[in-house]
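Let's work through some exercises together. Try each task yourself before you read its solution.

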Amino acid sequence: MHSYLASALLLAHSAASAAVTSQSRYSSWMAESIMSRGQGIMTGSGGSSELLQAGITQRALTALAAQYPDDDNARFAGYVRDSAASVAPFTLNATYDAFSYPLDRLSTGDALLALAAADSYGSSNSNFSSAVDALRQSIDLNRRNAEGGLWYFVYPEWSYLDGMYSLAPFYTRWALSALRDNRGEDGNDNATVSALEDVGRQLDLLWARTRNATTGLLAHGYDASRTAVWADPVTGASPHVWGRSLGWYAMALVDTLEALPPQQPQTESEFRDGVLRKWQALAPALADAADPATGGWWQVMDAPGAPRNYVESSGSAMFAYALLKGARLGYTAAAAPAAVLAALRAHRYLTDAFVVREANGTLGYNGTVAVCSLNSTATYEYYVGQPINYNSVLGSAAYVLASLEVERLERV
């Protein structure tokens, strides 16, 4: 174990041990509750975030099944398959995908890629395989700004942090996948290099355009044309740091690093180093931005304590997950002790303040803001005025991921 992570865990253990014991297997309990509500199954009538709801559910349940392989976890793996099967028919047309869904569509790609590999070794007869192909092709068809930045959705020239959680891990895994080789893509090395360079370009552009050098935090997105009512005249950046959008980006960095083994050819190594540098700069900024009173993170992170601002439960869970996972996997370097302590404190607060024990034995999850869009004024009043949703799987699935990381500490 990395020495800095060992030190962090020793510091955190006495403060967290009671919480870990009392919260043991909150991950499974919340996951079972998500499944009991039928969440993460695509119906076509679940609103603009339905593909993203499916994607984060798939990732949370996949992580749960992997962490507890000795359990009777076939139900979790089966639910992931059911969720992916519900998504596949909606994503088989690459052109429709590219022009009708935001980048969030790619959040389901990880599960589809794994299932395609398991089904007939990725043969073209697999519905999962066809969905993977369509999603990958949709990246090439997706509209871009003059610098090559992907539009998040239909809004001209606008790129969001949100889309990186969906794009970067899937695109990276696709690039390194044996599926690509089996299908005879043009040039093994060229296909990998091109894909990784594109992922790096998207992460770089958002970093360069939206990062505040003083706080180290990134704003929600940017308009490359600088014509949006909210766009900074120099960078095009939106004016505020929305917690959940930065949560998506933070998780994207850590999950993408996980997909890249340290020992890689030069191009892959350079790409990994760039992602790692971003994470090592962002992690301490996130720890510093936690609310000192609660340990959670604000809905509008650049206005802590301002009137009507509040600690929001989905972004807070995302940060707790990313900070713990980043430290566990050795990505966070000297910032690991502070990151672990901040994440553990946040998870305790989330459990105490937002997890609800229902009369039917399931867990509910409160305090998750509805979707916030830059197709708005993007003012402070806009962000704090959006409704709060109960049992939004965007929050509860992130809580499952954070809980899994907390539960790992029990075994250290």
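Contact means heavy atoms within 4.5 Å. This is a predicted model, in which local features need pLDDT of at least 70, side-chain atom pairs count only at pLDDT 80 or more, and totals for chains, interfaces and linings use all residues. Residues are numbered from 1 along each chain as its sequence is written, and side-chain values use heavy atoms, with hydrogens and water left out.

**Exercise 1.** Find the helix that holds S403, then list the contacts of S403.

Step 1. Helix α16, residues 393–409, contains S403; a helix here is a DSSP run of H or I with at least four residues, numbered from the N terminus.

Step 2. Leaving out residues up to four places away in sequence, S403 touches Y26, S27 and H347.

**Exercise 2.** Is S403 buried or exposed?

Step 1. Buried means under 20% relative accessible area, exposed over 50%, and partly exposed in between (1.4 Å probe, protein chains only).

Step 2. The relative accessible area of S403 is 1%, so S403 is buried.

**Exercise 3.** Describe the lining of the largest cavity.

Step 1. On a 1 Å grid over the protein atoms alone, a cavity is a set of points where a 1.4 Å probe fits but cannot get out, and lining residues have an atom within 4 Å of a point.

Step 2. The lining residues include L103, Y160, M164 and Y222.

Step 3. β1 (158–160) and α10 (188–210) are the elements that each give two or more residues; a strand is a DSSP run of E with at least two residues.

Step 4. α10 supplies the largest share, three residues.

Terms used
On a 1 Å grid over the protein atoms alone, a cavity is a set of points where a 1.4 Å probe fits but cannot get out, and a pocket is an open set with protein on both sides within 12 Å along at least five of seven lines; lining residues have an atom within 4 Å of a point.
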